[in-house]
Amino acid sequence: MASLLSVASIPLAFFAALPANAADGAVVASAVAAYVHFAALLTCVGVLVTERLLVSPDMTFEDEELLWKADVLYGIAGLALGVSGYYRTVDYGKGWEFYAHEPLFWAKLVLVGIWGASSLFPTVTILKRVSVQRETGDYPPFSEKLAARMIQVINAELLAIASIPLMATLMSRGVLYGGGEFPWQVGAGLVVLTFGGAGFKYVKEALTWSEEEEDAVVLEE
């Protein structure tokens, strides 16, 4: 019993040893935002890997059901990632005035834009298939061409998301910051153009998907 009490007292001793300002609301909020941010990022990676393993021409009904549920979780995790990232940028860390003039911050957001835009193709495709299933009671056949395109896009998402932490670590250390003279309007414009242009492309491709035209699309990529 004494040993159990000794072990149980370790966490209490740890918190008692923390500096007084660790109990401050801003510190706790910063820690929670960081936790949510990294947890959401890991969730996105896990979901992408799941989708990458699920997608195939011989998917079962159960696989299709798991695929759309995974994509819903992906959307929730992406939202949590974006909201926590916003608060970490504006209220915590080095603050907006630093990040706004850090070129690598905007490079990171361009990668986020590419990742988010490319995710629209699988999401719209899945929604179309779920809509058919709700009307007919079964999913339409998942062709080899569509499976190949889905896997290609998911691989691109994984590549983009793997590059983001590198940009984040470099920007937080002020690499390329210089004198803080980089105009944030240029960075923001690049992000909007990247996400808007790529997003339009992927949504249009998913909505107008044609088995006959897919070969040309893959060759272009």
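1. A residue is called buried when its relative accessible area is under 20%, exposed when over 50%, and partly exposed in between (1.4 Å probe, protein chains only). By this criterion, the buried residues of helix H2 are Ala 33, Ala 34, His 37, Ala 40, Leu 41, Cys 44, Val 47, Leu 48, Glu 51 and Leu 54.

2. The model is predicted: local features need pLDDT of at least 70, side-chain atom pairs count only at pLDDT 80 or more, and totals for chains, interfaces and linings use all residues. Residues are numbered from 1 along each chain as its sequence is written, and side-chain values use heavy atoms, with hydrogens and water left out.

3. The chain has nine helices and zero strands (DSSP runs numbered from the N terminus; helices are H or I of at least four residues, strands E of at least two). Of its 221 residues, 34% count as buried.

4. Helix H2 covers residues 25-54 and spans 43 Å from its first C-alpha to its last, close to the 44 Å expected at 1.5 Å a residue (1.5 Å times one less than the number of residues). Its buried residues pack against H3, H5 (103-118), H6 (120-136) and H7 (144-172), a contact being heavy atoms within 4.5 Å. An α-helix has 3.6 residues a turn, so residues three or four places apart point the same way.

5. In the chain, 82% of the contacts with a separation of 6 or more join residues 24 or more positions apart.

6. Trp 184 lies in helix H8 (residues 184-207). This tryptophan, Trp 184, counts as partly exposed because its relative accessibility is 37%.
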